[in-house]
Amino acid sequence: MEELATSPSRTRRARRGAERHRRSRAVAALGVGACVAMGSTMAAWTDQATISGVTVATGSVNLQVGEGASPTFADSLTSSALNATGLMPGQAVSSRIAVRNVGTGAFPGLTVARVLVSGDADLATALQVTALENGTAGAGGVCTGAGTATSVVSAPAALAGGLAAGGTPVRWFCVRVALPASAASTLQSKTASLRLVFDATT
Amino acid sequence: MGSARSAPRRAVAVVAVAAGVAAVLATPATRAAFTDSATVSATIRTGAAPAAPVGALGCRENGWEATVSWQASAGATSYLVTLYGGGNLTGTAVWGTFVVPTNSWDVQAGTSTWFNGDATVSVQARVGDHWLSTPSERRFVYAGPVIQGCD
């Protein structure tokens with residue numbers, strides 16, 4: 001009976017205790033949430049430090065060509081010595097061509113190729129073009145010298161080595177354009193305008 | 001356990017250093033990618049053999065005369081002309097050789113050299129310092145009236 005008499009009050013106390021416990025947990029949860037929110041606010045505080053005076057200027061590569069013993073350099077030139085009129089089989093023309101880099105950066109490779117600008121494609125194909133490093137151009141289209149001779153074709157051909165910056169040293173080539181003695185008779189009275197392209201390469 | 005956890009950090013550091021070395025090594029290649037071109041232009045014109053000469057042989061008193069011309073050869077600066085005799089003088093340069101600046105040859109004087117009524121005119125073009133190896137030739141036959149000096 002005693003248990004029966006005390007049972008309702010115990011039940012009320014237990015209910016009130018559970019209610020207080022739920023409130024405490026809710027308050028605690030709010031506190032944690034507030035702390036988390038406060039933490040985010042604190043992380044937004046920031047600061048910076050800077051280093052000024054970081055200026056980057058790129059270098060340049062600037063190829064130029066010239067012709068003759070005392071060349072005038074330019075990005076492009078029309079050769080006087082390589083302009084041939086009345087070229088016959090077995091004949092050739094030659095010229096001393098200078099190449100330099102007046103840019104601020106050196107580069108390791110140099111190539112040369114030939115392009116038919118206009119005129120007869122068969123004649124352009126038949127012409128033999130060579131570049132002799134450090135060669136000297138002589139009468140009758142002769143190139144003399146002990147340097148390396150490179151055949152100049154439509155695909156870029158490597159001229160071993162590159163060019164330093166600042167315009168020196170200059171690389172010299174004797175360029176020879178020859179019509180082979182075996183040239184076909186159909187190539188008589190033809191004209192071909194060629195362009196030799198020197199390229200700075202990697 | 002502590003040293004076991006630090007091993008991955010060292011590995012990351014090594015990888016980072018290796019990446020830095022690779023970046024330094026890559027720098028020259030980046031520089032070399034800058035490029036530029038320069039060009040030399042030239043125009044080549046071929047020459048041509050002269051066409052076979054046209055003209056006539058004539059007979060004049062105490063001699064012969066020849067008047068021939070030919071199509072100009074591209075690039076030619078002069079021509080070498082030879083008159084070869086006929087008959088028993090075939091192959092003989094009866095009047096010698098002549099260098100003429102234009103594409104015609106007119107010899108009125110002649111000689112009394114007998115060449116049996118026919119002759120061959122040969123023309124060779126000179127381009128620059130080079131004689132075209134193959135001359136152009138044509139045989140002429142004199143068909144006119146025979147007068148004194150002409151046989």
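**Exercise 1. In chain B, where is confidence lowest and where is it highest?**

Solution. This is a predicted model, in which local features need pLDDT of at least 70, side-chain atom pairs count only at pLDDT 80 or more, and totals for chains, interfaces and linings use all residues. Residues are numbered from 1 along each chain as its sequence is written, chains are lettered from A and ligands numbered from 1 in the order in which they are written, and side-chain values use heavy atoms, leaving out hydrogens and water.

Step 1: Start with the score, pLDDT (the predictor's confidence in each residue, from 0 to 100). Chain B averages 72, and 63% of its residues score at least 70.

Step 2: Look at the elements, which are DSSP runs numbered from the N terminus (helices: H or I, at least four residues; strands: E, at least two). Helix H1 of chain B (residues 2–32) has the lowest mean, 45, while E1(B) has the highest, 92.

**Exercise 2. Describe the interface of chain A and chain B.**

Solution. Step 1: Count residues. Chain A gives 45 residues to the contact and chain B gives 25 residues.

Step 1: Find the area. About 3000 Å² is buried between chain A and chain B (accessible area, 1.4 Å probe, that two parts lose on being put together, summed over both). Carbon and sulfur atoms give 53% of that area.

Step 2: See which elements of chain A take part. Strands E1 (63–67), E2 (76–78), E3 (84–87), E4 (92–101) and E12 (191–201) of chain A each give two or more residues to the side that touches chain B. The largest share, eleven residues, comes from E12(A).

Step 3: Look for salt bridges (a side-chain nitrogen of Lys or Arg within 4 Å of a carboxyl oxygen of Asp or Glu). Between chain A and chain B there are zero.

**Exercise 3. Which strands pair with E12(A)?**

Solution. Step 1: Recall that two strands pair if DSSP finds at least two bridges between them.

Step 1: Go across to chain B. E12(A) pairs with E1(B), residues 37–46, in the antiparallel sense over nine bridges. Here B:Ile44 is the bridge partner of A:Ala192.

Step 2: Stay in chain A. Strand E5 (residues 109–119) of chain A runs antiparallel to E12(A), joined by ten bridges.

Step 3: Follow one residue, A:Val197. Its bridge partner in E1(B) is B:Thr39, and A:Val197 is also the bridge partner of A:Ala113.

Definitions and conventions
Contact = heavy atoms within 4.5 Å.
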